[in-house]
Amino acid sequence: MRRRTRIPAAPLPQRAGVDPVRLRLPADPDGAWPTVRDHLMARYAGAIGAGRVDAMVAEGRFVGADGVPVGAEERYEPGRYVWFHRDFPAERRVPFEVGIVYRDERIMVADKPHFLATTPRGRHVTETALARLRRELGLPELQPAHRLDRLTAGLALFVVRPEDRGAYQSLFRDRRVRKEYEAVAAYEPSLALPVTVRSRIVKERGVLAAREVPGEPNSESRIELVEHRGGLGRYRLVPATGQTHQLRVHMARLGVPVLHDPLYPVVREDGPEDFGRPLQLLARALEFTDPVSGVPVRFVSRLRLSGLG
């Protein structure tokens, strides 16, 4: 059995609660990259420009496992690890705070507000729940056990100690967590509820909206009406699977898309975010048996949707 190479510890500290990027230099059978700089140029010049890559190399921004900056003419070695901090994009601050529902020595259950991404990704880096919690609570090793969509508010589970992360991540991977969501959408009296919706959902990289296609279902959601007034309804959503945008897709399929949804059923033009019109979807409850203590637990969000008043 081939032994896995142990990944060295990052030689760079976090910046603003964000980990440095780790890059393992891939195999180069054709000798396309005589130097590390050549590979960095091929990998990143298209995104940030050749001049910026050269400037980062000259500034010593790329370092090896020993923390020593990588020189411009340093020979390329497949399998070598390189770390760097990317340039942070200018980000508008999300004007809502992250609430703490529960915390002990192993886990933290946070109430993530609408518009705040769970983890750094794309143009959302420092304005994320993970980066904020690390900075504000002084917990540099905090990691998410799962990810909650940026536009969705509610409960997100984080793991405090690295040695416990696998146990809690496996809960979500193996579908041993019961999730309950709440949504506000139009009330349709002709819609027979409760109903279980099953379909095959695909999400293509670079495409904003997921879509349903023919084939074996890979998603399942139970949808119930809790109350209605003024033409709007409050719905309880219980997903059995976790496909991207699953609940939003299924609500739109039923003809009652989640209130203020910018993607379903029609993708709206990109523009400045309106913090006064959040997507009316809330991750309301998480329920599971703690994999370390063996104790059944249930956490409920303290947030409330505004759509129904």
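The largest cavity is lined by H146, L148, L155, K179, E180, Y181, A283, A285 and L286. By cavity I mean a set of points, on a 1 Å grid over the protein atoms alone, where a 1.4 Å probe fits but cannot get out, and lining residues have an atom within 4 Å of a point. Strand 7 (178–186) and strand 12 (281–289) each supply at least two residues of that lining. Strands here are DSSP runs of E, at least two residues, and helices are runs of H or I, at least four, numbered from the N terminus. The volume of the largest cavity is about 30 Å³, taken as the space filled by probe spheres set on the points, with points joined across faces, edges and corners. The structure holds one cavity of 30 Å³ or more.

This is a predicted model: local features need pLDDT of at least 70, side-chain atom pairs count only at pLDDT 80 or more, and totals for chains, interfaces and linings use all residues. Residues are numbered from 1 along each chain as its sequence is written, and side-chain values use heavy atoms, with hydrogens and water left out.

Next, the backbone. Which peptide bonds are cis? The bond from L193 to P194 is cis, with omega near 0 degrees, and P194 sits in the loop between strand 7 and strand 8 (195–202). The bond from Y264 to P265 is also cis, with omega near 5 degrees; P265 belongs to the loop between helix 5 (246–253) and strand 12.

F115 is not a glycine, yet has a positive phi of about 80 degrees. F115 is in the loop between strand 4 and helix 3.

Terms used. 1 Å grid on protein atoms, 1.4 Å probe; cavity = no way out; pocket = protein on both sides within 12 Å on 5 of 7 lines; lining within 4 Å.
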